[in-house]
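Have the structure open and follow along.

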Number of protein chains: 2
Amino acid sequence: MAKAEDSGAYKGSGKLRPEEMIYQEMLDAILDRRLEPGMKLVEEDLAKTFGVSRARIRATFLQLAHDKLINLVPNRGAFIAEPTINEAIEVFSARRMIEDGVARKVATSMTPERADQIRNHLAREHAAHHDGDHRAAIILSGEFHLLLARLTGNLVIEEFLERLILRSSLIIAMYESPQPVDCSHSEHDRLLDALLGGDPDVAAAEMSRHLDAIRDRLQLQRPKPGKTDFASIFGRTPRSEAS
Amino acid sequence: MAKAEDSGAYKGSGKLRPEEMIYQEMLDAILDRRLEPGMKLVEEDLAKTFGVSRARIRATFLQLAHDKLINLVPNRGAFIAEPTINEAIEVFSARRMIEDGVARKVATSMTPERADQIRNHLAREHAAHHDGDHRAAIILSGEFHLLLARLTGNLVIEEFLERLILRSSLIIAMYESPQPVDCSHSEHDRLLDALLGGDPDVAAAEMSRHLDAIRDRLQLQRPKPGKTDFASIFGRTPRSEAS
DNA sequence: GCACGCAAAATTGTTAACAATATTATTGTC
DNA sequence: GACAATAATATTGTTAACAATTTTGCGTGC
């Protein structure tokens, strides 16, 4: 499916290191759910697919495992992560803890230029929604939060939040409700209003509400979705078929 | 100096995976400044020292680089990180942003058992100070913050803060003032009082003050210490010696 | 004496082969 | 026909050798 092709065109000047390219490709596949949670990742298959050595794939695995996007099991291999309900709750709780602080800082250091930057981004979000581009909308929604993190001017926070947002994307892809009631763009509008207000407490409260809302829109009651769990799909216990 | 020896005694049951052992040993060496900032880490030397293959060392490097404790330069190798003054400031700023939230959460979820856990830890900190064990004091001081993170019950926060505290330890080791006025144990006492008070705002304010105090005790005015920067050590510009 | 360039050494990056482990298929037994 | 033991296969873990790159040392010319 997602072979490496010849490529070299869409990545600009072609100076990009192949290792980052592979990481990015796998990332995209995970967030697109072309690679489903629980799926086994065989080193040699991937190596052949990308036309690199196993060692390179192994290094990429380490990176993905560090971001909690795959699980590395000794002697067994790599598997797409299957964030549990509890993990999902903890991730959004952690984000609230951090992004409250982000909102506070951004609210108290607002400038006209920064406000324009945010408005600019929101316009793109609205456009994606208008065009019905669900995938772009999800990505832009994440990048909105990343933009706020960047406005704090703190690279440490920015980098950590970037990873946490990626992890959130996997969680959302895994637990989102069948009919995506994705009204988060209007929540982002409200967030901008709060940030422009300049009151750190109000901004933090609005951020908390927003992140809780995202979490609450998820279908976090199912015991464990994903993978090829036919038993849950067909609502019966497995039995052997007649040969 | 820090050879692997035969070892096997101090790591308990001996079931510990060697990869984690190597990471831990290198970590200790970095925080002890047996490995100085800027120092080159040659793969083969380390491989022979620890009696493992270069591949294993390479994997360990990736982990350390992810924690920002070493720098990985393509085709050049690995170097002990030299956090800049700006990085130091950002790390403590990030910690304040996060640990304010931690303090808030701990203050509002305090129980007698948890209070005892904290008091228990403080007793160990005091003991280390009393014994003049500087190294133990620094480690325990970091673990105090980690304990609070653990009390939030959020593994995401705990793991991130663990890395940030390690990074802080490197920064402190690099920038601490010659005469270590390490009065942070009394600040931890005050922090406990604030947490017991139950007021989240008070607890957060006390945490902010404490982290700012640590930062302010650092000698963050020097342009760039570490390495073999003879020019700054001898206060003169380099010149060639007569052969 | 100093700068430049070239060659040698050291070091990292990569590949391929081998060993250890886990998974799957097969066979035999009840 | 179901279950257990065993062999065959597939996959991961590890090692060693080779290629590419950088660093170092040396010599030459100015």
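On the face of H5(B) that is turned away from its buried side sit the exposed residues B:Pro112, B:Glu113, B:Asn120 and B:His130. Exposed here is over 50% relative accessible area, buried is under 20%, and partly exposed lies in between (1.4 Å probe, protein chains only). Keep in mind that this is a predicted model, where local features need pLDDT of at least 70, side-chain atom pairs count only at pLDDT 80 or more, and totals for chains, interfaces and linings use all residues. Residues are numbered from 1 along each chain as its sequence is written, chains are lettered from A and ligands numbered from 1 in the order written, and side-chain values use heavy atoms, leaving out hydrogens and water.

Helices (H or I, at least four residues) and strands (E, at least two) are DSSP runs, numbered from the N terminus.

Which residues of H5(B) are buried? They are B:Ala115, B:Ile118, B:His121, B:Leu122, B:Glu125 and B:Ala128. They share one side of H5(B) because they cover an arc of only 140° around the axis, the arc being that of the directions from the helix axis to the C-beta atoms. They pack against helix H6 (134-151) and helix H8 (184-197) of chain B, with contact meaning heavy atoms within 4.5 Å.

Over in chain A, the buried residues of H5(A) include A:Ile118 and A:Leu122, while A:Asn120 and A:His130 are among the exposed ones on the other side. After H5(A) comes A:Gly132, with a positive phi near 70°.
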